[in-house]
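This briefing describes one protein structure for a reader who is new to the subject. Please look at the sequence and the model below before reading on.

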Amino acid sequence: MLDDAGLDDEKWMKEAIAQAHLARAIGEVPIGAVIVRDGEIVGAGHNLRETSHDPTAHAEMIAIREASEKLGAWRLLGCTLYVTLEPCPMCAGAILQSRVERVVYGAADPKAGCVGTLMDLLQDARFNHRLPWRSGVLQEPCAALLTDFFRGLRTRQDRS
């Protein structure tokens, strides 16, 4: 499902891309996320799975935790989550549980994407909460971050 709302989607996706660069700088898969409410970033995160040895340390999960703490609520009403890569099943579930009102992502994830690619958990009528989403915002730079990162990994492995 595509949602055309949000004139500032590119602006906020650039902030998510900046978070992805922070992940890349420390050797993490370059995925970044920000949560915005009323024109302000209330949560931000980037992948920290390798650094923290935590399989749940995805960019979205970190951003959700930060936003919840900052807002003093588990319900992230009025919030939009921007993320450079389509959320996986775990993150899509957390998005539903946190009551984020809208999701915008850059690149589709053909291996784990659950916001339109493999399935659409955010619009599944079996859940009591559904929300609109938009894909493809700054898709090329979001995808290039990942492509370049994994190309670099393969090159280093080939040299070993």
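Does Arg102 count as buried or exposed? At 8% relative accessibility, Arg102 counts as buried, where buried means under 20% relative accessible area, exposed means over 50%, and partly exposed lies in between (1.4 Å probe, protein chains only). The model is predicted, so local features need pLDDT of at least 70 and side-chain atom pairs count only at pLDDT 80 or more, while totals for chains, interfaces and linings use all residues. Residues are numbered from 1 along each chain as its sequence is written, and side-chain values use heavy atoms, with hydrogens and water left out.

**The sheet**

- Five strands make up an open sheet with mixed pairing, in the order β2-β1-β3-β4-β5. Helices (H or I, at least four residues) and strands (E, at least two) are DSSP runs, numbered from the N terminus, and two strands pair if DSSP finds at least two bridges between them.
- The edges are held by β2 (40-46) and β5, each with a single partner strand, so one side of each has no neighbour in the sheet.
- Strand β3 (residues 79-85) runs parallel to β4, and five bridges join the two. Val83 has Tyr105 in β4 as its bridge partner.
- On the other pairing of β4, two bridges join β4 to β5, and these strands also run parallel. Here Val103 stands opposite Trp133 in β5.
- Strand β4 is mostly covered, since six of its six residues are buried.
- In a regular strand the side chains alternate between the two faces of the sheet.

**Salt bridges**

- The whole structure contains five salt bridges, a salt bridge being a side-chain nitrogen of Lys or Arg within 4 Å of a carboxyl oxygen of Asp or Glu.
- One of them joins the side chains of Arg102 and Asp9, at 2.8 Å from N to O. This pair links distant parts of the chain, with Arg102 in strand β4 (residues 102-107) and Asp9 in helix α1, 93 residues apart.
- Asp9 is buried, with a relative accessible area of 1%.
- Asp9 also meets Arg134 in a salt bridge (2.8 Å, N to O). This pair too links distant parts of the chain: Arg134 lies in strand β5 (residues 133-134) and Asp9 in helix α1, 125 residues apart.
- Arg134 counts as partly exposed, at 27% relative accessibility.
- Within helix α5, Arg151 and Asp148 lie three residues apart, about one turn of the helix. They form a salt bridge whose closest N and O atoms are 3.2 Å apart.
- Arg151 is partly exposed at 44% relative accessible area, and Asp148 counts as partly exposed at 45%.
- Through shared partners, salt bridges join Asp9, Arg102 and Arg134 into one network.

**Helix α1 and its surroundings**

- Helix α1 (residues 9-25) packs with helix α5 (residues 139-159) at an angle of about 10°, with their axes 10 Å apart. Axes are lines fitted to C-alpha atoms, for helices over the stretch in contact, and angles run from 0 to 180 degrees between N-to-C directions.
- The two helices are therefore roughly parallel to each other; angles under 35 degrees count as roughly parallel, over 145 as roughly antiparallel, 65 to 115 as roughly perpendicular and the rest as oblique.
- From α1, the residues Met13, Ile17, Ala20, His21 and Arg24 meet Pro141, Cys142, Leu145 and Phe149 of α5, contact meaning heavy atoms within 4.5 Å.
- The residues of this contact comprise seven nonpolar, one polar and one charged. Ala, Val, Leu, Ile, Met, Phe, Trp, Tyr, Cys and Pro count as nonpolar, Asp, Glu, Lys and Arg as charged, and the others, Gly among them, as polar.
- Arg24 is partly exposed, with a relative accessible area of 38%. Apart from neighbours within four places in sequence, Arg24 is in contact with Pro30, Leu145 and Phe149.
- Gln19, another residue found in helix α1, is buried at 16% relative accessible area. Not counting residues up to four places away in sequence, Gln19 touches Gly32, Ala33, Val34, Ala44, Gly45 and His46.

**Helix α4**

- In helix α4 (residues 89-98), the buried residues are Cys91, Ala92, Ala94, Ile95, Leu96 and Ser98. Their cover includes α3 (59-71), β3 and β4.
- Just after α4, Arg99 takes a positive phi of about 65°.
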